[in-house]
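Biologist: I would like to go through this structure feature by feature. Please give the general idea before each case.

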Amino acid sequence: MKGTRRKLMAMYRAMRKRFGHQHWWPTFADRPADAPLPPEAALEVCVGAILTQNTNWGNVQRAIANLIAGGCMSVGWLHAKPPAAIARLIRSAGYFNVKARRLKNFIAAVHKNHGNDIEGFLARGVAELRGGLLAVSGIGPETADSIILYAAGKATFVVDAYTRRILSRHGLIDGGWSYDEIKELFESSLPADVHLWNDYHAQLVAVGKNFCRPVARCKGCPLVRFRRGNQ
DNA sequence: GACCAGGCACATC
DNA sequence: GATGTGCATGGT
């Protein structure tokens, strides 16, 4: 386990050196780990996490801009409007009918016990918050963990397809590992640091985008020296 | 025109 | 439980 920690930290340093801090979403880098985001920023992160499912981030940003420009980025507005009204504003994010329903489901979960108070919804402990999010139809483990890490600012590790691919190529996991097993590998190996976990996931996505598609192009990848049998 | 993007739910076997 | 499919836009 100590070896895994060393390797994961060395990989982070290599990625960070190559790409710089990714500043994903309102980063917590400049604030204490326990300082919550302003509610409008927290909601924006939650909405972004749902809209970005299987979708290019640039398309999501247009949708978020539409919601903000229309004065629609609030729990109250999203709760009051039908899915079709939301779908019109988020067209650019793709799967707009599905995602409009998912946003409504999420907002309903917030509204049920917390009214328009997104901060209150996010202020619960990680286990309770995660359970509540996973109970929402349309929110799976990756979206739930993204909301917990980036909107609530609480330490939970986000695993995505790039994470799985990169770790598999580097011999840290094999193809059979579940989402939760991979998450546990990071969480038990790395220091429990929200800022580190925030940027670690973003760094893996940067590697994935630049070096893992459409087929592996490893030349210049900061992680190539960590490949299995190559260290 | 094909492929890809910061997934998820549901049906089927 | 594993695998396949629908959902949809916009960039490369």
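Modeller: We can start with a crossing. A crossing is right-handed if the near helix is turned clockwise from the far one by less than a right angle, and left-handed if anticlockwise. Here α2 passes α9 in a right-handed crossing. Helices (H or I, at least four residues) and strands (E, at least two) are DSSP runs, numbered from the N terminus. The model is a predicted one, in which local features need pLDDT of at least 70 and side-chain atom pairs count only at pLDDT 80 or more, while totals for chains, interfaces and linings use all residues. Residues are numbered from 1 along each chain as its sequence is written, with chains lettered from A and ligands numbered from 1 in the order in which they are written.

Biologist: At what angle do helix α2 and helix α9 pack?

Modeller: Axes are lines fitted to C-alpha atoms, for helices over the stretch in contact, and angles run from 0 to 180 degrees between N-to-C directions. For α2 (residues 39-51) and α9 (residues 141-151) the angle is about 155°, and the axes are 9 Å apart. That makes α2 roughly antiparallel to α9; the classes are roughly parallel under 35 degrees, roughly antiparallel over 145, roughly perpendicular from 65 to 115, and oblique for the rest.

Biologist: Which residues of α2 and α9 meet?

Modeller: Two residues are in contact if their C-beta atoms, placed from the backbone, lie within 7 Å. From α2 come Ala42, Val45, Cys46, Ala49 and Ile50, and from α9 Thr143, Ser146, Ile147, Tyr150 and Ala151. By class, this contact of α2 with α9 has eight nonpolar, two polar and no charged residues. Ala, Val, Leu, Ile, Met, Phe, Trp, Tyr, Cys and Pro count as nonpolar, Asp, Glu, Lys and Arg as charged, and the others, Gly among them, as polar.

Biologist: How do α8 and α9 cross?

Modeller: The axes of α8 (residues 126-134) and α9 come within 9 Å and cross at roughly 135°. That makes α8 oblique to α9. This crossing of α8 and α9 is also described as right-handed. Val126, Leu129, Arg130, Leu133 and Leu134 of α8 meet Pro141, Ala144, Ile147 and Ile148 of α9.

Biologist: How many residues of α9 are buried?

Modeller: A residue is buried if 20 or more other C-beta atoms lie within 10 Å of its own, exposed if 12 or fewer, and partly exposed in between, with C-beta atoms placed from the backbone. In α9, nine of the 11 residues are buried, so α9 is largely enclosed by the rest of the structure. These buried residues pack against α2, α7 (118-122), α8 and α12 (194-211). After α9 comes Gly153, with a positive phi near 70°.

Biologist: Is Lys99 buried or exposed?

Modeller: Lys99 is buried, with 25 other C-beta atoms within 10 Å. Lys99 lies in helix α6 and touches Ile50, Leu51, Ile90 and Ala93, not counting residues up to four places away in sequence.

Biologist: Which helix gives the most to the surface near DNA strand C?

Modeller: Near means that the C-beta atom, placed from the backbone, lies within 6 Å of the molecule or strand. Helix α6 (96-114) gives the most, with three residues. Both α3 (57-69) and α6 supply at least two residues each. The residues of this surface divide into three nonpolar, eight polar and one charged. Among those around DNA strand C are Asn54, Arg91, Tyr95 and Asn97.
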